[in-house]
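Work through the exercises below with the sequence and the model side by side. Each task is followed by a worked solution.

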Amino acid sequence: IYTAATVEEAEMRLAEFDAKWGMEYPSIVQSWQRNWPRIVPFFDYPAEIRKVIYTTNAIESVNMSLRKVTKSRGSFPNDDALIKLYYLALRNISKKWTMPIQNWKAALNRFTIMFDERMPQH
């Protein structure tokens, strides 16, 4: 589904998945269908960017690490305190990233074209 070129193709792949696995795994199909409006914007990005962002392993790992640093704290005095904690946590988390991101150069080129105002200028 994620590797489909268009939303229409992704919908077709979801229908194929449902036909093949829907009876055995109805909750998975229901989850896809329920969350479809959240998935569709993914297809607005070009293939080079989608190849970089479609896996959730790295995202889930970051989220888990951020939950760890906030779990033991009941509250924060203000939003800046949380932002600072997240900043420091992300600095520590990023030190563990040793594997290069596949297809990063192509994705970075597309990010620069699409989000020039957000990209650091070198």
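**Exercise 1. Find the residues in contact with T70, leaving aside its neighbours within four places in sequence.**

Solution. Take contact to mean heavy atoms within 4.5 Å. With the neighbours within four places set aside, T70 is in contact with F76, L82, L85 and Y86. Helices here are DSSP runs of H or I with at least four residues, strands are runs of E with at least two, and both are numbered from the N terminus. Last, check the accessibility: T70 has a relative accessible area of 16% and is buried. The classes are buried under 20%, exposed over 50% and partly exposed in between, using a 1.4 Å probe and protein chains only.

A note on the model: it is predicted, local features need pLDDT of at least 70, side-chain atom pairs count only at pLDDT 80 or more, and totals for chains, interfaces and linings use all residues. Residues are numbered from 1 along each chain as its sequence is written, and side-chain values use heavy atoms, with hydrogens and water left out.

**Exercise 2. Which residues are linked in a network of salt bridges?**

Solution. A salt bridge requires a side-chain nitrogen of Lys or Arg within 4 Å of a carboxyl oxygen of Asp or Glu.

1. The count by this rule is 2.
2. E9 pairs with R13, with the closest N and O atoms 3.4 Å apart. The two residues are 4 apart in helix α1 (residues 7–21), so about one helical turn separates them.
3. E16 also pairs with R13, and here the closest N and O atoms are 3.1 Å apart. These residues are 3 apart in helix α1, again about one helical turn.
4. The network therefore consists of E9, R13 and E16.
5. For accessibility, E9 is partly exposed at 24%, R13 is partly exposed at 30%, and E16 is partly exposed at 40%.

**Exercise 3. Describe the overall fold and dimensions of the protein.**

Solution. Start with the elements: there are 6 helices and 0 strands, in the order α-α-α-α-α-α. Then take the dimensions: the C-alpha trace spans about 50 × 40 × 25 Å along its principal axes. The radius of gyration is 18 Å, whereas a compact globule of 122 residues would have one near 14 Å. This radius is taken over C-alpha atoms, and the globule rule is 2.2 Å times the number of residues to the power 0.38. Finally, 20% of the 122 residues count as buried.
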